[in-house]
Amino acid sequence: MNKKNLLILPFLASAVVSCKKDTLVEVVDVPATPIVAVDQKGGKPSDLKATEGPFQLYALPFDYNALEPHFDATTMELHYSKHLLPFVNALNKVVIGTKYEVLELDAILKNLNFSDTEVRNNAGAVYNHNFFFESLAPKAGGQPEGELSEAITRDFGSYDDFIRQFSETAVKLNGSGWVWLLSDKYGRLRIITTPNNESPLMKGLGITGTPLLNLDVWEHAYYLKFQNRRREYANTFFSVVNWDKVEERYGAFSKMAVPKYQSPAPTSETIEVPVEQAKPTEEATKSE
Ligand SMILES: [Fe+2]
């Protein structure tokens with residue numbers, strides 16, 4: 001006897017006894033909700049699809065359990081299906097009939113009116129999550145190579161010092177937000193944070209530089225496995241970072257020569273949100 005039968009039988013038995021006592025000739029329809037829950041467990045990323053609209057759900061190229069033992073399957077499934085997917089669906093809904101409807105995601109962020117808080121929050125969340133999931137890979141980690149490795153050593157002292165500074169920044173981030181590694185136009189690296197679902201691409205934040213890597217520091221991204229141990233979560237992240245992807249991003253633009261009169265660039269920066277604070281949407285509130 002399979003699990004479905006075990007779940008159905010108690011309900012059917014109850015229905016038959018009732019009929020005998022009251023001499024009713026009525027068929028009782030038993031809801032099958034518990035079986036749906038059983039069948040949904042162990043789904044795949046490819047099972048999911050965004051609602052109709054201009055934006056598709058990022059196609060996660062590996063199963064939820066592929067980053068074990070570093071990132072657990074349950075968190076990955078919840079993060080992708082219950083956080084990213086609702087943000088994509090919400091974005092598809094809020095851009096309808098607006099100037100954003102025909103724009104690519106990057107273009108929405110670069111041309112954003114900050115008072116469009118629903119577009120701002122959902123577009124930022126989708127961009128940031130896509131970037132985060134694209135930065136992960138099974139059997140990844142290790143250390144970067146080539147010009148990115150040289151830049152990390154030059155700007156942070158060593159790879160280990162970079163990890164320490166990145167994780168420390170994640171620990172110190174107040175509330176929910178994101179930690180980013182950015183490159184300026186000269187190829188110099190720095191670590192920044194953005195609050196809520198703000199993105200470095202957003203017009204109005206005044207952030208310059210090209211995003212290379214980001215870490216989701218909303219509690220839904222780590223609390224099931226790491227609870228309050230945010231530093232451990234940030235350090236573990238580097239066991240699943242797809243450095244090939246990060247190197248590709250760093251190599252995708254030409255670096256200008258640093259003018260001789262320029263003083264050294266700072267290696268970290270706290271970004272203040274200068275314009276009207278975005279109000280989290282219902283989806284964002286549920287996300288934590
Ligand atoms: Fe997230």
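In the protein chain, residues 24 or more positions apart account for 74% of the contacts with a separation of 6 or more. This is a predicted model, and its protein chain has eleven helices and four strands. Of the 288 residues of the chain, 33% count as buried.

**The nonpolar cores**

- The largest nonpolar core is made up of 26 residues, and those with the most contacts inside it are F166, V179, L181, L215 and V217.
- At least two residues of this core come from each of the helices α6 (146-156), α7 and α9 and from each of the strands β1 (177-183), β2 (189-195) and β3.

- In helix α9, which spans residues 230-237, the residues Y233, A234 and F237 are buried.
- These three residues lie on the same side of α9, because the arc that they cover around the axis is only 95°.
- The partners against which the buried residues of α9 pack are α7 (159-172), β3 (210-216) and α8 (223-226).

**The contacts of L215**

- When residues up to four places away in sequence are not counted, L215 touches A170, W178, V179, A234 and F237.

Technical notes: Residues are numbered from 1 along each chain as its sequence is written. This is a predicted model: local features need pLDDT of at least 70, side-chain atom pairs count only at pLDDT 80 or more; totals for chains, interfaces and linings use all residues. A residue is buried if 20 or more other C-beta atoms lie within 10 Å of its own, exposed if 12 or fewer, and partly exposed in between; C-beta atoms are placed from the backbone. Two residues are in contact if their C-beta atoms, placed from the backbone, lie within 7 Å. The arc is that of the directions from the helix axis to the C-beta atoms. A nonpolar core is a set of buried Ala, Val, Leu, Ile, Met, Phe, Trp, Tyr and Cys residues joined through C-beta atoms within 7 Å.
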